[in-house]
Amino acid sequence: MYFLVTRLVQASIVMLGVALVGFLVFQFIGDPVLALVGQETTIEDREALRERLGLNDPLLVQYARFVGNALQGDFGISYSFNRDVSEMIAERLPATIELVLLSGVLALALAIPAGIYTGIRRKGGLAQTIMALSVIGVSIPSFLLGILLILVFSVWLNWLPSFGRGDVGTFLGIRSSLFTLDGLSHALMPAAVLCLFQLGVILRLIRAEMLEVLRTDYIRFAWARGLPGRRVYMHHALKNTLVPVVTAIGLQLSSLFAFSIITEKVFQWPGMGSLLLHAIGQSDIPLLAAYLIFVGLVFTLSNLVVDAIYVAIDPRIRHGGR
Amino acid sequence: MTGPLLEIEGLRITFPHRFGDFTAVQDFDMRVERGEIVGLIGESGAGKSTIGNAVMGLLAQPGRVSEGRIALDGQDLTRLAPGALARLRGRRIGMIFQDPMTSLNPLLTIGDQLSESIAVLQAVPATQARRMAVERLAGVGIPEPEMRMRQYPHEFSGGMRQRVVIALALAGDPDLLIADEPTTALDVSVQKQVLDLIRAICVDRSLGVILVTHDMGVIAETADRVYVLRHGKRVETGPTPAVLGRPKADYTRQLIGAIPRMDKRETRFSDPVRRVGEIDRWLLQGQSSEATGDYLSTTPLTMDFANPRSGFWGRRSVFRAVDVSGLSIRRGEVLGLVGESGSGKSTLGRILIGLQKPSTGSITYADHGALAAIRSAPARKAFRRDVQVVFQDPYSALNGRMRVDRILAEPIRYHGLASGKEVGRLIGALLERVGLPPESGRKYPHQFSGGQRQRICIARALSLRPRFLLCDEPTSALDVSIQADMLALLMELKRSLGLTMLFVSHDLAVVRQVSDRVAVMRQGRIVESQAAEMVFEAPQTDYTRMLLETAPRVEGLHALEGTLTERTPV
């Protein structure tokens with residue numbers, strides 16, 4: 001418990017830091033007053049506006065106000081859309097989350113068994129093939145893969161739609177395109193493209209860690225105790241393999257959010273990524289700052305979850321031992 | 001059943017290698033009866049563990065049995081299919097390894113691991129397996145087995161852990177137990193209890209035991225018969241008293257001779273210095289031989305570590321690792337610091353040379369003043385030059401990516417002790433001084449054996465012409481014959497260079513050989529401190545007496561060397 005509370009405090013500090021960066025973006029990139037007013041506004045009017053917006057207050061006060069607003073979900077008004085930023089994010093977020101979730105599940109579902117298999121049968125033909133494919137997975141750029149997939153499955157075979165998000169269904173009160181067949185067929189290709197890199201990385205991580213664990217004394221002792229192979233691999237080896245791998249997986253999966261920008265653009269996916277590209281193009285600073293804080297939050301939260309999983313699987317942390 | 005339990009004939013184990021096969025064991029014959037403990041002894045690389053692994057069918061890849069047979073009750077294990085051999089593991093043959101910490105899965109409770117073994121090997125349902133597990137834990141002498149079942153390996157002490165490992169190895173009621181260095185990682189007082197347990201199990205269950213070890217004392221106290229191995233070949237065999245008491249082979253005699261004795265100080269370590277060579281003159285420039293008195297003295301010292309288990313909001317509970325009332329070391333003196341693991345001896349050593357800051361107290365060096373007051377860069381540099389360390393593990397103490405001559409040259413250059421051209425010559429001479437060929441500098445650390453690496457570590461420490469040397473268990477990672485060389489070298493250096501030393505060790509016999517004065521530590525306190533001979537001849541505290549009594553003895557063997565009488569009780 002102590003461990004988790006400490007991590008929670010650390011996470012809040014990290015988020016304050018991220019908010020500071022977002023805040024500084026406001027301070028140093030462009031003048032919000034210039035963006036809001038027309039050319040004929042007088043200098044007096046501009047000053048009055050500046051005063052009204054609180055831009056003449058000390059930096060610390062402005063920062064505190066920024067953090068306070070952000071905590072209430074208020075990130076200001078987008079320059080280019082003239083709409084509430086938090087409203088726009090709420091609109092786009094579900095699409096990105098479902099894409100990231102689907103590709104994360106795909107990556108884990110394929111990488112964990114494949115990593116274990118290649119770790120155990122490291123000289124077998126199938127294992128060698130998987131390893132060779134994983135190299136391709138980590139080295140092919142995602143936009144190229146996306147275009148190739150569209151060419152093959154949409155243009156030539158005409159099996160899958162090439163762009164956009166499909167129908168949205170409702171299940172247990174959650175609205176998502178993953179609950180309809182049409183939605184899934186739209187999400188499959190972008191999710192596959194997004195997961196391929198993670199798949200290669202996680203697979204290789206698990207395999208390397210598995211090889212390491214299989215060399216340890218307690219695995220030798222497990223064999224010497226006469227335990228059957230399935231138990232040695234799936235119970236003793238796998239659990240120990242996961243301890244270090246969980247951290248890496250947490251980071252990898254949160255970076256899916258970052259990677260999704262390009263994939264969303266290629267597949268015209270109406271998520272956060274395309275919103276960000278638009279914000280960059282238009283120098284839409286409130287939108288940029290909100291996105292920055294949001295991605296920081298995703299990373300921080302997933303690290304917290306990783307720490308919690310850590311505590312659950314490793315008794316040495318739970319008991320405060322070494 | 002008639003016939004021996006295990007019979008090995010003409011065993012040959014080879015490890016295929018691209019530069020030709022390496023033969024780890026050859027022409028090896030061995031026999032183990034029920035209810036008998038057979039010792040396999042030899043130095044590292046002798047192939048003794050390889051034999052144990054071969055019996056288990058767990059040879060490290062790509063090793064294989066290329067000739068001979070291993071028969072368990074007449075059934076040749078080398079001809080069995082891997083699946084059939086796997087079914088024998090745990091059920092017919094059990095094995096325990098050296099380090100009980102790494103033998104247990106850190107993520108599962110002791111109860112889970114033990115009942116898992118019982119459920120699989122005895123084919124009983126989980127609830128019954130759990131009940132049996134509690135009985136088994138009690139059977140190997142673990143108090144409160146019900147509660148202990150729910151704990152994880154890291155919550156057990158070393159000795160308790162090894163008991164758990166023994167219970168695990170016996171979960172399938174095997175007929176043969178292979179114990180590979182079962183007590184090497186344990187303290188002496190615990191070692192005796194674990195050996196007694198193995199002895200008792202062997203008798204009660206009429207279990208055949210193969211005891212693999214490098215420790216003559218363990219063999220002398222436990223084994224009925226012994227096989228001496230060297231380079232994968234049998235050197236000598238016979239009943240333990242006969243082999244260790246009146247060895248026929250020269251190698252066995254050498255091995256026994258190399259063991260430091262606890263009953264007296266050997267003369268061979270105090271041979272007069274050979275010659276004062278050029279390198280000695282260079283090394284001696286660092287010394288001011290006329291000064292006398294204390295080299296180092298301390299006020300009362302304590303060292304606290306925050307207990308990580310303490311509550312989040314409340315007071316931090318602390319663990320007091322060191323709590324000594326003061327300490328001094330005279331110039332040219334060797335102070336031996338002994339104690340069991342966790343007694344705080346290494347921590348105290350690190351505090352004395354400023355690697356760790358004590359919680360309270362201060363240390364004063366005669367040449368440098370108070371340790372806490374050494375602040376300026378030049379003062380710090382001068383202090384670091386005078387005070388050097390030799391660590392326990394020579395494998396991790398040297399940077400594997402640096403050539404030995406660069407390892408040795410770095411400190412000399414940094415402290416500007418010699419000019420560019422001179423350094424090369426000095427390094428050659430230094431290596432020679434510690435008994436290595438001068439051209440060894442061209443090689444990398446991994447090309448040396450453990451003993452040679454420790455010599456390099458000593459050479460590195462000496463290259464700064466130190467006045468004070470902290471030796472933290474410098475020989476415990478080494479074989480006895482190399483250990484004897486190391487001790488002789490340290491003693492010779494002390495004599496010729498007048499080094500002041502703090503010698504930290506858990507091995508009483510080793511400490512006796514090198515120390516002028518001995519301090520015994522227990523739970524962070526110094527419980528006894530007096531002239532080395534007095535500690536061994538007239539110990540003042542019960543704790544010291546207990547340490548002396550539980551240490552494995554080879555003196556009986558030494559006494560037997562000439563005459564073949566019963567072992568003298570010690």
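Predicted model: local features only at pLDDT ≥ 70, side-chain atom pairs only at ≥ 80, totals over all residues.

Reader: OK. How many helices and strands in chain A?
Author: Chain A has 13 helices and 2 strands. Those are DSSP runs numbered from the N terminus, with helices being H or I of at least four residues and strands E of at least two. The C-alpha trace of chain A spans about 85 × 60 × 40 Å along its principal axes.

Reader: And what share of chain A is buried?
Author: 33% of its 322 residues. Buried takes 20 or more other C-beta atoms within 10 Å of the residue's own, exposed is 12 or fewer, and partly exposed is in between, with C-beta atoms placed from the backbone.

Reader: Back to handedness. What's the crossing of H7(A) and H8(A)?
Author: Right-handed. The axes of helix H7 (residues 142-156) of chain A and H8(A) come within 10 Å and cross at roughly 145 degrees. Axes here are lines fitted to C-alpha atoms, for helices over the stretch in contact, and angles run from 0 to 180 degrees between N-to-C directions.

Reader: Which residues make that contact?
Author: From H7(A) there are A:Ser142, A:Leu145, A:Gly146, A:Leu149 and A:Phe153, and from H8(A) A:Met189, A:Val193, A:Leu194, A:Leu196 and A:Phe197. Contact means C-beta atoms, placed from the backbone, within 7 Å. By class, the contact of H7(A) with H8(A) has 8 nonpolar, 2 polar and no charged residues. Ala, Val, Leu, Ile, Met, Phe, Trp, Tyr, Cys and Pro count as nonpolar, Asp, Glu, Lys and Arg as charged, and the others, Gly among them, as polar.

Reader: What about H5(A) and H10(A), at what angle do they pack?
Author: About 145 degrees, with the axes of helix H5 (residues 85-120) of chain A and H10(A) 10 Å apart. The crossing of H5(A) and H10(A) is right-handed. Among the residues that meet are A:Leu99 and A:Ser103 in H5(A) and A:Leu253 and A:Phe257 in H10(A). That contact of H5(A) with H10(A) divides into 9 nonpolar, 4 polar and no charged residues.

Reader: Switching to the interface. How many residues of chain A are in contact with chain B?
Author: 24 residues of chain A, which meet 27 residues of chain B. H9(A) gives the most to the side of chain A that touches chain B, with 6 residues. The residues on that side of chain A are 10 nonpolar, 7 polar and 7 charged.

Reader: Which residues touch the most other members in the largest nonpolar core?
Author: B:Val209 and B:Phe503, in a core of 217 residues. Such a core is a set of buried Ala, Val, Leu, Ile, Met, Phe, Trp, Tyr and Cys residues joined through C-beta atoms within 7 Å. Its largest share, 16 residues, comes from helix H8 (residues 181-214) of chain A. Domain 1 (100-167) and domain 2 (279-308 + 316-526) of chain B both give residues to this core, so it lies between them. Those domain bounds come from an automatic or database domain assignment.

Reader: How many Å separate the centres of those domains of chain B?
Author: 41 Å between the centres of domain 1 and domain 2 of chain B, taken over C-alpha atoms.

Reader: Is B:Arg465 buried or partly exposed?
Author: Partly exposed, because B:Arg465 has 18 C-beta neighbours inside 10 Å.

Reader: Last one: why does B:Gly52 count as buried?
Author: Because B:Gly52 has 23 C-beta neighbours inside 10 Å. B:Gly52 is found in helix H1 (residues 48-56) of chain B. Leaving out residues up to four places away in sequence, B:Gly52 touches B:Met95, B:Ile178, B:Asp180, B:Ile210 and B:Val212.

Conventions: Residues numbered from 1 in each chain as written. Chains lettered and ligands numbered in written order. Contact = placed C-beta atoms within 7 Å. Left-handed = near helix turned anticlockwise from the far one by under 90°.
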